Structure formats: C-alpha cells, structure tokens
Amino acid sequence: MTHPPYLHPDYKSTVLRAPSKPLVMPKLGPESVELTSPVFGHQELGPLDADLTRQHPGEPLGERIIVTGRVLDTSGRPIRGALVEIWQANSAGRYAHGGDQHPAPLDPNFTGAGRCLTDDDGRYHFVTIRPGAYPWRNHLNAWRPAHIHFSVFGTAFTQRLITQMYFPGDPLFPYDPIFQSIPDEKARQRLIARFDLDTTKPEWALGYQFDIVLGKTPMEES
Ligand SMILES: [Fe+2]
C-alpha cells in the first residue's frame with residue numbers, strides 16, 4: 001500500500017484529524033469547470049521564487065543544496081507547467097512561523113518557502129538550504145527527520161499532492177511515526193531523494209534528485 005492511512009495512532013494528530021465517517025461523495029464531478037480552468041501562469045511567479053537562498057539581502061546559514069526532479073504521470077509522461085511549492089525549516093531546524101517556538105535560532109535571511117513551474121520536460125529546480133531535524137511533541141523525545149514539504153498541482157487546480165521529501169541515510173527514519181505511517185517499504189523509499197553528483201555543482205552546492213509521479217488520489221481509487 002502506497003498511501004498512509006488517515007488514522008495512524010502513533011502520529012497523534014491523525015486521531016483527531018482522520019474522518020470517523022465515510023466520505024460524502026460530491027454530486028459535481030471533477031469534469032466540471034475545475035478541470036478546464038487555467039491553473040497558474042508564469043506571470044504569477046517571481047524570478048527568485050525558486051531560489052530560497054536569494055530572497056533576502058544576505059545569504060542564509062547552512063549547507064546550500066540543489067533539489068530538482070521531474071513531475072510525471074503514471075505513464076512516465078512529463079507534466080508541464082505544474083506548480084511545485086516547497087516549504088521547510090532552516091538549517092537549525094526552525095520554521096519561520098509563529099507556531100514554531102522551539103529554542104533554535106531563526107535565520108533573518110531564510111524564509112523557507114519557494115515555488116516554480118515545471119518546464120517542458122516536467123522538471124522543477126530549487127536552490128535552498130538543507131533543513132535541520134526538529135523536535136515535535138508527538139511523544140517523548142520526538143524528532144522529525146530533515147525534510148522538505150512539497151505541494152504539487154496537477155493539470156487542474158483540483159488535483160493536488162502534498163508530500164515530504166527526505167534525505168538519504170537519515171538516522172531518524174525508524175523513529176518517525178509520519179514516515180513510518182506509510183505501510184510499504186518501497187513507498188517509503190520513494191520519499192527519499194537521491195544524492196546525485198551530476199546535479200552537484202563544484203564549489204557551490206550538493207545536488208539531489210527527487211522525481212514525483214502523480215497518480216490517482218486515494219479518494220479517486222475507491
Ligand atoms: Fe515539517
């Protein structure tokens with residue numbers, strides 16, 4: 001099974017968040033206006049949106065990295081013009097968000113949010129800082145593995161995937177209920193980016209590849 005269940009008690013938020021009753025299927029199908037409406041255009045995005053290291057006057061602290069990959073459909077065809085958004089903690093593991101008050105420093109030169117559109121090859125490309133692990137209060141001594149949150153819109157505004165990208169070899173994987181909520185080992189491995197020397201730029205940044213295949217959502221599979 002690829003997707004985590006809505007209810008995974010070790011991940012405590014799911015206990016309150018998971019639906020307790022069957023979903024109500026809408027009478028209006030996705031064949032309505034949502035599937036034909038335009039999604040995003042290049043004019044919506046700024047030139048620095050995909051470079052999280054250049055959004056402030058100074059450079060953020062931490063390890064500069066390149067994160068790139070392709071957005072594909074289940075047949076391996078590139079999805080062009082898809083909006084890919086990311087958000088993440090800084091190198092110290094702190095989010096620039098009021099909800100994150102744990103005692104790690106904020107970085108005045110790092111907001112931690114970026115976006116871009118995929119090109120004709122379905123490829124997205126970000127320059128950012130490797131995020132740090134951070135504590136959360138799910139259970140005693142709970143720490144999230146370093147990760148980058150991803151949102152990908154498909155070919156229509158109603159098609160959206162939210163997921164997380166992890167880094168190879170993280171010692172926190174076995175202890176993370178969110179990562180472990182995905183039942184299938186191979187599906188978990190697909191969330192781990194691949195270090196790639198060809199993507200790595202000499203004297204500049206390590207490179208990681210992370211491809212995303214957009215399939216049907218769990219709701220559509222019923
Ligand atoms: Fe996070």
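Predicted model: local features only at pLDDT ≥ 70, side-chain atom pairs only at ≥ 80, totals over all residues.
## Aromatic contacts and an iron site

Arg 144 lies over the face of Trp 136, at 5.8 Å from the ring centre.

Within the whole structure, a search finds ten aromatic pairs. One of them joins Trp 136 to Tyr 11 in an edge-to-face arrangement, with the ring centres 5.6 Å from each other and 70 degrees between the planes. Because Tyr 11 belongs to the segment before α1 (13-17) whereas Trp 136 belongs to strand β5 (residues 134-136), this pair ties together parts that are 125 residues apart in sequence. Tyr 11 is buried, its relative accessible area being 15%, and Trp 136 also counts as buried, at 18% relative accessibility.

The rings of Tyr 166 and Phe 179 form another pair, with centres 5.0 Å apart and planes at 75 degrees, so that this pair, too, is edge-to-face. Here the contact ties strand β8 (residues 160-166), which holds Tyr 166, to helix α2 (residues 177-180), which holds Phe 179, and the parts so connected are 13 residues apart in sequence. Tyr 166 is buried at 2% relative accessibility, and Phe 179 is buried at 3%.

Elsewhere, Tyr 124, Phe 126, Phe 150 and Phe 210 come together as one aromatic cluster. A further contact between a charge and a ring involves Arg 64, whose charged end sits over the ring of Trp 204, 3.5 Å from the ring's centre.

The iron ion is coordinated by two tyrosines, Tyr 95 and Tyr 134, each through OH, and by two histidines, His 147 and His 149, each through NE2, at 1.9 to 2.2 Å. Along the chain these donors follow the spacing Y-x38-Y-x12-H-x1-H. Why is the arrangement of the four donor atoms around the iron ion irregular? The angles that they subtend run from 91 to 159 degrees, whereas a tetrahedral assignment would need all angles to lie between 85 and 135 degrees.

| Residue | Relative accessible area |
|---|---|
| Tyr 11 | 15% |
| Trp 136 | 18% |
| Tyr 166 | 2% |
| Phe 179 | 3% |

Notes:
Residues numbered from 1 in each chain as written. Heavy atoms only, no water. Donors = N, O, S within 2.8 Å, 3.2 Å for Na, K, Ca; no water. Tetrahedral: all angles 85-135°; square planar, octahedral: opposite > 155°, others 65-115°. Phe/Tyr/Trp six-rings, centres within 6.5 Å; stacked < 30°, edge-to-face > 60°. Helix = DSSP H or I, 4+ residues; strand = E, 2+ residues; numbered from the N terminus. Buried < 20%, exposed > 50% of the residue type's maximum accessible area, 1.4 Å probe, protein only. Lys NZ or Arg CZ within 6 Å of the ring centre and 35° of its normal.
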